[in-house]
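Please look over the sequence and the structure shown here before reading on.

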Amino acid sequence: MSFDIFPPLEIPETLAAGPGPGNTDARVLQAFARAGVADHMQGDVLRGMIECKHMLREIWGTRNTYTFAVAGTGWSALDTMFAAVMPSDKVVAFNNGTFSGIDTLTLRIKAATSEEHAANPQDPQAASVVVIDVPHGTSVTEEMVEAALAEHKPKWAFMAHWETGSGRINDLRGFSDACDRHGAMGLIDAVSSLGVEDFSIDDFPGIAGWASCPQKGLCCLPLTYAPVSFTDSYIDSLKASGAYTYVHNPLFEARHWGIVDGQDVEKGTYHRTHSGYAVAAFHESLRLTLQEGLAARAASYRKHEAALRDAVAAMGCEVTSNMTSLVVLNLPGDLAGREMELVQNCRAAGFGIWPTLSQPVQVRIGILNQLTEAAIRDIVARFADAMRDMGATLDQPLIEATLDKHYAEAIAAQ
């Protein structure tokens, strides 16, 4: 039987202006490409992993020894963090968007009994998991967390820090404080906040586990290494219960990064075949994050998001998000209901914005690794052109004046 050989796959450049992944930093791509052909146990690869571990602790702002990274995307890190949740464990989980919704499904899968799995294997309704559904476009507040933990008294409590499904920042301080008061071990999805917001996880003692990703705030390649960090109380619980996984077992994964029995050791002892190229890329992304400084990067995100927010408002759009790496908006009245059409038109033209993935359909415009005036002006121009192509009448002088005001003020402040 004959088979035609496909031509080489050529992927054109796209402006990744959605919730993530963002466009990978060119210096990270260079680090990936220039890595020598080496086996995964070559000395420089192992040294790079040890250095990554220490850089991660600095970026996270933590003394947690169990701070390392999991091969894969943010889903891999989250699955590793949730590995400590056992069948029938009592959990309270907050859902205010697409991704915290998937996280709550994962928690129900982890906590479900065999009977609950048999009854509905794709969507087990674990009786021990209480999901607090928060309306779309609304943040999780300390009052919500306090009420739920006081009523249900769970072992574990979960929340996404930044929910990109709706573009909302949830109350990290309030969540941690409520967990502290009620003796719950907090678990945080920090996939969208690490490398964007300046925070130190040791300032939130009610939170026992953290999970993030390489491809958003750290601007690394997807499918490299996804950061996690765990307190001693989390590890103690895990040691007492074990975990029903080999690949995403935090104790095993930690050994891969040279962490054994709560101590750093000279080299890893758990076999995991990985990629020297991925180590090189991840190492460079962490180096660049520390080189820039989280405070400076967070300030840059605030500045450029404010300019984008006001520019789309000048086009008549209503912004409903409060993140600094992502603007979530409703189109003006004459285009209302055509959000998906606009997004599809933009994506066909290489402008990678996204719709929300749950109702109501909104437009999401992200600025990951687009922290320059030129990049924001390009995003604004492309979005304005897409609106005009659909019949919108825009006040271009007002849009330009809005951007000029933001960037003139930024220059004056410097």
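With which residue does Asp-25 form a salt bridge? The partner is Arg-27, and the closest N and O atoms of the two are 3.0 Å apart, a salt bridge being a side-chain nitrogen of Lys or Arg within 4 Å of a carboxyl oxygen of Asp or Glu. Asp-25 is buried, with a relative accessible area of 12%, whereas Arg-27 is partly exposed at 42%; here buried means under 20% relative accessible area, exposed over 50%, and partly exposed in between, with a 1.4 Å probe and protein chains only.

This is a predicted model, in which local features need pLDDT of at least 70 and side-chain atom pairs count only at pLDDT 80 or more, while totals for chains, interfaces and linings use all residues. Residues are numbered from 1 along each chain as its sequence is written, and side-chain values use heavy atoms, with hydrogens and water left out.

Side chains of opposite charge can pair when their charged atoms come close. A search of the whole structure finds 20 salt bridges, and one of them joins Arg-181 to Glu-146 at 2.8 Å, N to O. Arg-181 lies in helix α7 (residues 172-182) and Glu-146 in helix α6 (residues 142-152), so this pair ties together parts that are 35 residues apart in sequence; helices (H or I, at least four residues) and strands (E, at least two) are DSSP runs, numbered from the N terminus. Arg-309 and Glu-305 also meet in a salt bridge, at 2.9 Å from N to O, but both of these residues lie in helix α11 (residues 294-314), four residues apart, which is about one turn of the helix. Arg-309 is partly exposed, with a relative accessible area of 23%, while Glu-305 is buried at 7%.
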